[in-house]
Structure formats: structure tokens, C-alpha cells
Amino acid sequence: MKSCRICLSALGEPLLSVSAPALSSLSTLLDLPTTIFACTTCGHAQSPDLPDLQAFYDTDYKISLQSDGHDQLYELTDDGPVFRTQHQARLVLDGDVPQGGRVLDFGSGKAATLQAIMAQRPDLSPHVFDVSRDYVEHWRGWISEKSQASYDLPASWDGTMDLVTAHFVLEHVADPVAVLRDMARMLKLGGEAFFLVPDPEANSGDLLVVDHINHFTRPALERLVSLSGLEVRSIESGGFRGAWTVRAVRSAPADLANASGAQAAASIGALTDLWAGILDAMTAAAPDLAGQRYAIYGAGFYGTLALSRMQEQPVCFIDSNPHLAGGTHLGIPVVMPGSQPSDLTQIVVALNPAIAKEAMKGAADWAADVPLRFFTAD
Ligand SMILES: [Zn+2]
């Protein structure tokens with residue numbers, strides 16, 4: 001990997017190199033190494049392209065296609081589970097979307113977020129674009145055919161949109177500047193680009209997701225927006241947990257802010273060190289766990305990561321997401337907390353290390369006296 005995908009500066013040695021297997025964002029294991037670089041000029045962190053990126057998204061990447069109701073859990077509240085697309089729709093509608101406005105969901109997948117937006121704002125005119133035709137079924141019936149595009153953007157859409165959204169798209173693409181330029185080109189003057197991307201400093205496990213080939217820091221996002229012919233309206237972390245919410249407007253290019261790329265690259269370096277330590281701790285625990293009846297708490301990304309470093313499989317995963325519990329993950333049963341077998345000798349906690357201890361505070365209620373094992377870098 002020779003140069004930065006955003007500012008094109010030359011890159012040095014990788015900050016982290018881990019042998020196969022690697023984890024994908026869909027919690028599958030791929031026979032690839034994980035390598036992370038950071039640009040000291042603009043602060044962008046990045047990993048090499050997947051071997052065949054185009055084919056991966058065209059035919060392999062079927063996010064939430066299993067069933068219509070399938071959606072990733074965002075949080076559990078007193079009013080019940082909130083799913084990711086509902087939360088994304090709320091964030092989009094926090095902005096000013098003009099009455100009757102034309103909205104394009106870019107890299108839409110099933111466009112479940114846009115559908116949730118339309119439920120609240122039936123005055124809007126919905127458009128979708130994706131690099132696959134896997135989702136056409138899901139668009140039929142509520143988006144007119146002339147407002148659907150696969151593979152190529154119609155020239156007639158140039159400069160016509162009031163809002164272009166991209167929910168967790170740019171972390172996957174080989175040329176984020178070109179993609180954001182395409183989004184910008186669709187906008188009217190004054191129109192808004194809204195996008196969500198993971199924030200590696202708020203959720204450092206994102207650094208290990210091998211199809212997230214871009215890991216954006218704040219200075220890198222400022223540079224990206226500016227190079228795409230947009231002006232930053234806001235870049236906020238935390239509106240979506242572990243992610244950046246970026247709003248940018250099509251207008252005259254703005255001056256670059258003074259945020260330091262070198263500093264951002266150094267923070268990424270601290271996180272890659274953290275992960276090198278956690279991966280070592282997982283590998284070191286594997287021989288001990290091989291002799292035990294253990295469970296992994298967390299059937300998502302972190303659970304898959306822990307599993308990938310083990311020598312023997314756990315009895316089950318434990319997960320509080322009602323969409324996962326009752327099924328299997330990588331062939332291993334997933335059960336709700338409290339429904340695990342009574343003869344477990346250990347529960348391995350595989351959650352975001354920044355929140356793992358806090359999240360397991362209530363575990364005494366359902367895990368009884370089965371010891372919990374946390375993985376930390378020290
Ligand atoms: Zn750069």
C-alpha cells in the first residue's frame with residue numbers, strides 16, 4: 001500500500017500486521033491478513049483493498065437480505081429494541097429536509113432507512129442507487145422505477161437532489177473522494193450530503209474489520225469533504241454510537257481546518273497497539289479454554305473475532321439481540337443471557353473493550369457464579 005486514499009501522500013510502514021483469518025463486517029472469516037496504515041499528512045487510516053472488491057459487493061455482500069424484518073440491533077431501551085435503520089432515519093430527519101424534497105440513498109442496499117424516513121415524511125421523493133441488483137425486489141412497490149439505479153448513476157439526476165445519504169458506505173470503497181464527488185454531483189446547490197462512517201477512536205474494533213478499508217479520523221473527513229467539492233456543515237461523533245455523522249453542503253469549497261493529520265495518525269497507532277495486545281491475549285487464552293465448556297458472550301463482530309483465535313469451539317454464544325438468539329452463528333447455537341447450559345465453566349466476554357466491563361455489570365443476575373473472562377491489552 002503506497003499512498004493515502006484521501007490526500008495521496010506516501011505511506012510508511014503498517015501500524016499493524018496480523019495473520020489470517022480476518023473478520024468481515026458481516027462477522028464472517030476471510031483467509032486474508034489484516035494490515036493497517038495511517039497517513040501522517042491527513043490522518044486517514046486504511047487497509048489494502050480486498051482482492052476482488054467489486055465482485056464482493058455485487059454478489060457476496062447481502063446485508064440484511066435474510067429476511068425483511070432482519071435488522072441490526074442498535075440499542076435496547078425501556079420501550080423495546082431500537083434497530084439500526086430506525087436510528088439512522090432519526091438522525092437524517094434531525095436535519096432540515098425541505099418539503100417535497102428529492103432524496104437519494106446512495107449505496108442503499110434494501111433502503112430500509114429511506115423507507116423509515118418515508119414513513120415519517122411521505123412528502124419526500126425517494127431515489128436509490130446501489131452497485132448490485134440484489135436489492136431490486138425490496139425497492140419495488142414504493143420507489144418508482146425511474147427513481148431506481150443500479151451500477152451507474154443516471155446523468156439526468158445531476159444537480160437535482162436536495163439530500164443524498166450514504167449510511168456506512170464510504171468505509172468500504174477504494175476511492176472515497178471519487179464516491180463523495182459522485183454524491184456531491186447529484187446535489188442541487190445548497191443541497192446536503194449526509195453520511196455515516198465508523199469512528200475508529202470511538203469503536204476501535206472497527207480497525208480490524210477487513211472490508212472496512214477506510215478508517216476515518218476527523219482531519220481526514222475534513223480533507224475528504226473538501227476534496228469532494230463540499231463544505232462541512234458538521235462532523236459529530238456519538239449521534240450514532242461508534243460512528244461519525246457528517247453533514248456537508250454543496251457550495252463553494254471551504255478552507256481546510258487546522259486539525260492535525262499527524263496527531264490523528266498517532267491516535268490510530270495507540271489503538272492498533274491496543275488491538276495487537278488483545279489479539280495476543282486471546283491467542284494466549286486459547287489452550288486453557290480448549291479444555292473447558294465455555295461460552296462466548298457476544299455473537300457479533302467481537303464474538304467472531306474471539307472465536308477466530310480459539311483452538312476449540314465454545315458450547316454456545318450468548319447474545320441479548322432477539323434477532324440472533326435462537327439461531328446459530330458460524331454453526332454454533334446462540335442463546336439469550338440466562339438460557340445458557342448450566343454446566344458452563346467460563347464465559348468469555350467478547351464486546352467492544354471500551355464498554356465490556358460496564359455492559360457486563362448485570363451479569364451476576366443471569367450468569368450466576370460462572371467466571372467471566374475479559375480480554376484486555378495488558
Ligand atoms: Zn492522507
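This is a predicted model: local features need pLDDT of at least 70, side-chain atom pairs count only at pLDDT 80 or more; totals for chains, interfaces and linings use all residues.
Biologist: Let's start with the metal. Which residues coordinate the zinc ion?

Modeller: Four cysteines do, through their SG atoms: Cys-4, Cys-7, Cys-39 and Cys-42, at 2.3 Å. Along the sequence, the donor residues follow the spacing C-x2-C-x31-C-x2-C. Cys-4 and Cys-39 are 35 residues apart, so the pair links distant parts of the chain. Cys-4 sits in the segment before strand S1, and Cys-39 in the loop between strands S4 and S5. Both of these cysteines are buried.

Biologist: Why is the arrangement around the zinc ion called tetrahedral?

Modeller: Look at the angles that the four donor atoms subtend, which run from 99 to 116 degrees. Four donors count as tetrahedral if all angles lie between 85 and 135 degrees. The zinc ion's angles fall inside those limits, so the arrangement is tetrahedral.

Biologist: Now to Glu-192 in strand S12. What makes Glu-192 count as buried or exposed?

Modeller: The relative accessibility of Glu-192 is 7%. Buried means under 20%, so Glu-192 is buried.

Biologist: And how do you know that Glu-192 and Arg-233 make a polar contact?

Modeller: Their side chains are joined at 2.7 Å. The cut-off for a pair of N or O atoms is within 3.5 Å, so that distance passes. The side chain of Glu-192 also makes a polar contact with the side chain of Arg-247, at 3.3 Å. Both arginines are among the residues that Glu-192 touches, along with Asp-162, Leu-163, Val-164, Leu-187 and Ala-248, leaving aside residues up to four places away in sequence.

Biologist: How does Ser-132 compare with the cut-offs: is Ser-132 buried or exposed?

Modeller: Its relative accessible area is 0%, so Ser-132 is buried. You will find Ser-132 in the loop between strand S9 and helix H4. Its side chain reaches the backbone nitrogen of Asp-134 at 3.0 Å.

Biologist: What makes Ala-368 count as exposed?

Modeller: Exposed means over 50%, and Ala-368 has 59%, so Ala-368 counts as exposed. The loop between helix H10 and strand S21 holds Ala-368. Its phi is positive too, near 50 degrees, and Ala-368 is a residue other than glycine.

Biologist: What about S6 and S7: how many bridges join them?

Modeller: Four bridges join S6 to S7, and these strands run antiparallel. The cut-off is at least two bridges, so S6 and S7 pair as well. Glu-75 has Val-82 in S7 as its bridge partner, and a hairpin of two residues connects the strands.

Biologist: Which strands form the mixed sheet?

Modeller: Six strands form that open sheet, in the order S18-S19-S17-S16-S20-S21. S18 and S21 are its edge strands, each pairing on one side only. S16 and S17 run parallel and are joined by three bridges, with Ala-295 partnered by Cys-316 in S17.

Biologist: And which strands does helix H7 lie across?

Modeller: Helix H7 lies across S16, S20 and S21, running at about 160 degrees to S21. Helix H8 lies across S16, S17, S18 and S19, at about 140 degrees to S16.

How values were computed. Residues are numbered from 1 along each chain as its sequence is written. Side-chain values use heavy atoms; hydrogens and water are left out. Buried means under 20% relative accessible area, exposed over 50%, partly exposed in between (1.4 Å probe, protein chains only). A polar contact is a pair of N or O atoms within 3.5 Å; within protein, one must be able to donate a hydrogen and the other to accept it, and residues adjacent in sequence count only if both atoms are side-chain atoms. Contact means heavy atoms within 4.5 Å. Donors are N, O and S atoms within 2.8 Å of the metal (3.2 Å for Na, K and Ca); water is not among the atoms, so sites may look incomplete. Four donors count as tetrahedral if all angles lie between 85 and 135 degrees; four count as square planar and six as octahedral if opposite donors are over 155 degrees apart and all others between 65 and 115; anything else is irregular. Axes are lines fitted to C-alpha atoms, for helices over the stretch in contact, and angles run from 0 to 180 degrees between N-to-C directions.
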